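Work through the following exercises with the model open. Each task is followed by a solution in steps.

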Amino acid sequence: MKRLLLIIFLLVLSPSIYAQDAHSAFDSGEWFRFRIHYGIFTASYATIEVKDEVLDGKPVRHIAGAGKSSGFLSLFFKVEDYYETYIDRNEVKPYKFIRKINEGGYTKDIEIKFDHQNAQALVHDKKRNTKNTFATHDNVQDMMSSFYYLRNNIKTSSLKKGDEQYVNMFFDRENYRFKLKFLGKEVLSTKMGKIACLKFRPYVQANRIFKEEESMTVWVSDDDNRMPVRIKAEILVGSIKADLDAFKGLKHPFKIVVD
């Protein structure tokens, strides 16, 4: 049950092939809510919202994510997580990332500022009152901006089953090269109706949370929105599933498959 919202944000990443139209998949005002299941229980809900703001004199898109445990499981394991990123309005480039979580007593309070000109990230650990600077890779993204960067650049006309794509991501204190594999197309039955989806497999290192490297699957809508529809993962103590429960503010029309 630990780090549910972290798993959500890591899993909604989807592979990309570079395109030129900035922010083509989303706009300010977009909002998603996910229902997270652990076995037969509803473990928590998570939301992600996009707003226009100004940061240090720069016009940015402020993307805020929040998750909180609910129902029966919240009686003995409480989760309250907040994630935020501030990205440039003209391209998906992060300026600041915030991670503030409390998961059953496990807490973090981290702020990362990105210096793209010098390829550095300043990590302020507010819990430990430390500041450290780390080198970053080219075209670096934070955990949340990666989702929007990849959604924005996906190009289905050249996707073939088995294609693998990568994104450079900086998280907490490390650089990651995240790999994703396209598995094909599938129509999912949801509370909103049947949705045509693209199916991907993110590859992660097996550890004390995940069972194995190939234990996760993510479905995104096969339309211009590229919105996450379903996420499944096998973890060491069972399995979790996150379903898109509600949305608003999509930039493009939402399509339902008609039989």
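Two strands count as paired if DSSP finds at least two bridges between them. Helices (H or I, at least four residues) and strands (E, at least two) are DSSP runs, numbered from the N terminus. This is a predicted model, in which local features need pLDDT of at least 70 and side-chain atom pairs count only at pLDDT 80 or more, while totals for chains, interfaces and linings use all residues. Residues are numbered from 1 along each chain as its sequence is written, and side-chain values use heavy atoms, with hydrogens and water left out.

**Exercise 1. Strand pairing around E7**

Task: Which residue in E8 is the bridge partner of Val123?

Solution. 
- Step 1. The protein chain holds two helices and 14 strands.
- Step 2. E7 and strand E8 (residues 130–135) run antiparallel and are joined by six bridges. Asn132 in E8 is the bridge partner of Val123.
- Step 3. Four residues separate E7 and E8 in a hairpin, and Asn129 in its turn has a positive phi of about 55 degrees.
- Step 4. On the E6 side, strand E6 (residues 106–115) runs antiparallel to E7, with six bridges between them. Asp125 in E7 is the bridge partner of Ile110.
- Step 5. E6 and E7 also form a hairpin with four residues between them, where Ala119 in the turn has a positive phi of about 55 degrees.
- Step 6. His124 is buried, its relative accessible area being 18%; buried means under 20% relative accessible area, exposed over 50%, and partly exposed in between (1.4 Å probe, protein chains only).
- Step 7. Leaving out residues up to four places away in sequence, His124 touches Asp109, Ile110, Glu111, Asn129, Thr130 and Lys131. A contact means heavy atoms within 4.5 Å.

**Exercise 2. Salt bridges**

Task: How many salt bridges are there?

Solution. 
- Step 1. The criterion is a side-chain nitrogen of Lys or Arg within 4 Å of a carboxyl oxygen of Asp or Glu. By this rule there are 15 salt bridges.
- Step 2. Arg99 pairs with Asp172, with closest N and O atoms 2.8 Å apart. Arg99 lies in strand E5 (residues 94–103) and Asp172 in the loop between strand E9 (164–171) and strand E10 (174–190), so that distant parts of the chain, 73 residues apart, are linked. Both Arg99 and Asp172 are buried.
- Step 3. Asp222 forms a salt bridge with Lys185, the closest N and O atoms being 3.5 Å apart. This pair links the loop between strand E12 (216–221) and strand E13 (228–235), where Asp222 sits, to Lys185 in strand E10, 37 residues apart.
- Step 4. Asp222 is partly exposed at a relative accessible area of 25%, and Lys185 is exposed at 62%.
- Step 5. Asp243 and Arg230 form a salt bridge with closest N and O atoms 2.7 Å apart. Asp243 and Arg230 are both buried.
- Step 6. The network of salt bridges links Asp27, Asp52, Arg61 and Arg89.

**Exercise 3. Confidence**

Task: Where does the pLDDT stay under 50?

Solution. 
- Step 1. pLDDT is the predictor's confidence in each residue, from 0 to 100. The protein chain averages 83, and 81% of the residues score at least 70.
- Step 2. The pLDDT stays under 50 over residues 11–23, and is below 50 over residues 206–212.
- Step 3. Where pLDDT is low, the predicted coordinates should not be read in detail.
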